[in-house]
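Student: Hi, could you walk me through this model? I'd like to go piece by piece.

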Amino acid sequence: MRPSQAGVLYNTSIWQRARRAFLLLNPRCVVCADPAQVVDHEPPHLGNHAAFWDTSTWQPMCMSCHGRKTSAQNPHTARNRMRRGRR
Ligand SMILES: [Zn+2]
């Protein structure tokens with residue numbers, strides 16, 4: 001996994017729009033039913049464009065559940081996330 005590559009995908013305006021539309025339709029976290037703030041990929045897209053845009057892999061998540069999931073998968077990301085704070 002190359003996080004910098006995946007970051008490029010997330011920074012596009014088309015992704016921002018798609019993400020917002022998805023969260024309007026799916027406003028609740030799949031784990032805890034809190035208001036969802038992020039779109040998670042399950043299974044992870046691993047930087048693959050086709051997988052990234054396959055909406056059947058998208059699921060709404062709140063920040064804390066997503067953070068927990070990400071830290072379970074990748075201790076590196078978890079550390080960066082913690083340094084940046086909770087919001
Ligand atoms: Zn949640």
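This is a predicted model: local features need pLDDT of at least 70, side-chain atom pairs count only at pLDDT 80 or more; totals for chains, interfaces and linings use all residues.

Student: Let's zoom out. How many helices and strands does the chain have?
Tutor: There are five helices and two strands. Starting at the N terminus, the order is α-α-β-α-β-α-α.

Student: What share of the chain is buried?
Tutor: Buried residues account for 9% of the 87 residues.

Student: Which residues make up the largest nonpolar core, then?
Tutor: Five residues do: Cys29, Ala36, Met61, Cys62 and Cys65. As background, nonpolar side chains in soluble globular proteins tend to be buried together.

Student: Pick one of those. What does cysteine 62 touch, leaving out residues up to four places away in sequence?
Tutor: Cysteine 62 touches Cys29, Cys32, Asp34, Pro35, Ala36 and Gln37. Two of those names, Cys29 and Ala36, also belong to the largest nonpolar core.

Student: New topic, the tryptophan. Where is tryptophan 58 found?
Tutor: Tryptophan 58 is in strand β2, which covers residues 58-61.

Student: And why does tryptophan 58 count as partly exposed?
Tutor: Because tryptophan 58 has 19 other C-beta atoms within 10 Å, while a buried residue needs 20 or more.

Student: Which residues is tryptophan 58 in contact with, neighbours within four places aside?
Tutor: Phe22, Val39 and His41.

Student: What about phenylalanine 52, where does that lie?
Tutor: Phenylalanine 52 lies in helix α3. With 17 C-beta neighbours inside 10 Å, phenylalanine 52 counts as partly exposed.

Student: And what does phenylalanine 52 touch, not counting residues up to four places away?
Tutor: Leu9, His41 and His45. His41 is also in contact with tryptophan 58.

Student: How far is phenylalanine 52 from glutamate 42?
Tutor: Their C-alpha atoms are separated by 9.8 Å, and the two are ten residues apart along the chain.

Student: Now the backbone. Is the peptide bond from glutamate 42 to proline 43 cis or trans?
Tutor: That bond is cis, with omega near 0 degrees. Proline 43 sits in the loop between β1 (38-41) and α3 (49-52).

Student: What is phi for leucine 46?
Tutor: Phi of leucine 46 is near 55 degrees, a positive value in a residue other than glycine. Leucine 46 is found in the loop between β1 and α3.

Student: And alanine 33, what is phi there?
Tutor: Phi of alanine 33 is near 70 degrees, again a positive value in a residue other than glycine. Alanine 33 is placed in the loop between α2 (13-25) and β1.

Student: Is alanine 33 buried or exposed?
Tutor: Alanine 33 is exposed, with 12 other C-beta atoms within 10 Å. Leucine 46 is exposed too, with 12 other C-beta atoms within 10 Å.

How values were computed:
Residues are numbered from 1 along each chain as its sequence is written. A nonpolar core is a set of buried Ala, Val, Leu, Ile, Met, Phe, Trp, Tyr and Cys residues joined through C-beta atoms within 7 Å. Two residues are in contact if their C-beta atoms, placed from the backbone, lie within 7 Å. Helices (H or I, at least four residues) and strands (E, at least two) are DSSP runs, numbered from the N terminus.
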